[in-house]
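This report describes a single protein chain, shown below.

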Amino acid sequence: MSVHTEIKKITTHTLLEMKRKGEKISMLTAYDYSLAKIIDTAGMDVILVGDSASNVMAGHETTLPITLDQMIYHAASVVRAVHRALVVVDLPFGSYQGNSKEALNSAIRIMKETGAHAVKMEGGREIKEAVERILTAGIPVMGHLGLTPQSIYKFGTYVVRAKEEQEAIRLQEDALLLEDIGCFSIVLEKIPAKLATEVSASLKIPTIGIGAGNGTDGQVLVLHDMLGINKDFNPRFLRRYMNLFEEIQNATEQYIKDVKSKDFPNEKEQY
Ligand code: KIV
């Protein structure tokens, strides 16, 4: 029997055990109670309350505008729905960079006000002090390397990262550093599959890939992208499991017709 089916509640230790046994880890984002309930019931291992909420929930072009208060609102809604998955929450841009005391306060607010189980932070050596300080408070931290959308204005584009040797070496060093200081897992976003496979093999903690090939210990996608709610985002790494934009549009058009034609409500649908 797999770790996945034996376990009633997923913890950071379960994920380590899954890596040890070679069992892949499933992770999806969620930002609200109703969808979190569906994906938890389906058996998701990890639910990420990503700062991608800034894009898919609020319609911003980048993840930078979302605030700590807004992340807390989304995370608390998700936690109320979840019984089994490990819930990880992104520390948003501006809530941890450059000030480890502020980083700790932000992480404590997330843990206290949402009931989530861990936080995620983008970056390597440059956020070492903040990660260490959060870990000393007993808060589990998931790292995030490769394409780190909170630094989009530094990169200039969303293209594949670490294709050049120098950046690949830096990423490998950062992954080892994050493991050494105590992160329980690392997201690897949009890097060459070969590099992601090598990094994953060099670590004891599990890696979760997005656009990083099949050699990572788990996979993550943004829920709204894999459900086809968001039609305009079509990177090569994205597999769509539904076309919900069209399905919701068709249902809405039918509802409008039914209301206009006085077909809705009918005799059975009234008191
Ligand atoms: O915010 C997010 O959704 C993420 C994932 C893409 C890993 O960080």
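## Packing of H5 and H6

The axes of helices H5 and H6 come within 9 Å and cross at roughly 35 degrees; axes are lines fitted to C-alpha atoms, for helices over the stretch in contact, and angles run from 0 to 180 degrees between N-to-C directions. The crossing of H5 and H6 is right-handed, a term used if the near helix is turned clockwise from the far one by less than a right angle, with anticlockwise being left-handed. Helices (H or I, at least four residues) and strands (E, at least two) are DSSP runs, numbered from the N terminus.

On the H5 side, Leu 68, Asp 69, Ile 72, Ala 75, Ala 76 and Val 79 meet Ser 106, Arg 109, Ile 110, Glu 113 and Thr 114 of H6. Contact means heavy atoms within 4.5 Å.

## Basis of the model

This is a predicted model, in which local features need pLDDT of at least 70 and side-chain atom pairs count only at pLDDT 80 or more, while totals for chains, interfaces and linings use all residues. Residues are numbered from 1 along each chain as its sequence is written, and side-chain values use heavy atoms, with hydrogens and water left out.

## The barrel

Eight strands close into a barrel with parallel pairing, in the order S1-S2-S3-S4-S5-S6-S7-S8. On average, neighbouring strands of this sheet are turned by 25 degrees against each other, direction ignored. Two strands pair if DSSP finds at least two bridges between them. Strands of a sheet pair through backbone hydrogen bonds, either parallel or antiparallel.

Strands S7 (residues 207-210) and S8 (residues 218-221) pair in the parallel sense over two bridges. The partner of Ile 208 in S8 is Gly 218.

Strand S4 (residues 118-122) is mostly covered, with five of its five residues buried; buried means under 20% relative accessible area, exposed over 50%, and partly exposed in between (1.4 Å probe, protein chains only). Ala 118, Lys 120 and Glu 122 point one way from S4, while Val 119 and Met 121 point the other way, and all are buried.

Three bridges join S4 to strand S3 (residues 86-90), and these two strands run parallel. Val 89 has Val 119 of S4 as its bridge partner. Between S3 and S4 the chain passes through helix H6 (residues 100-114), and this β-α-β crossover is right-handed; that is, with the strands pointing away from the viewer, the path from the first strand over the helix to the second runs clockwise. Four bridges join S4 to strand S5 (residues 141-146), again in parallel. Lys 120 stands opposite Met 142 in S5. The chain crosses from S4 to S5 through helix H7 (residues 128-136), and this β-α-β crossover is right-handed.

## Nonpolar cores

The largest nonpolar core has 60 residues, and those with the most contacts inside it are Met 121, Ile 134 and Leu 188. Helix H5 (residues 68-81) supplies the largest share of this core, seven residues. A second, separate core of 16 residues includes Met 18, Val 46, Ala 118 and Ile 208. A nonpolar core is a set of buried Ala, Val, Leu, Ile, Met, Phe, Trp, Tyr and Cys residues joined through side-chain atoms within 4.5 Å.

Ser 95 is found in the loop between S3 and H6. Ser 95 counts as buried because its relative accessibility is 5%. Leaving out residues up to four places away in sequence, Ser 95 touches Glu 102, Ala 103 and Ser 106.

Thr 148 lies in the loop between S5 and helix H8 (152-155). With a relative accessible area of 7%, Thr 148 is buried. Glu 122, Gly 123 and Phe 155 are touched by Thr 148, not counting residues up to four places away in sequence.

## Backbone exceptions

Most residues other than glycine have a negative phi, and most peptide bonds are trans. Lys 190, in the loop between strand S6 (185-189) and helix H10 (193-202), has a positive phi near 50 degrees. Lys 190 counts as buried, at 18% relative accessibility.

Lys 262 lies in the segment after H12 and has a positive phi of about 65 degrees. Lys 262 is exposed, with a relative accessible area of 72%. Pro 265 is also in the segment after helix H12 (244-260), and the peptide bond from Phe 264 to Pro 265 is cis, with omega near -5 degrees.
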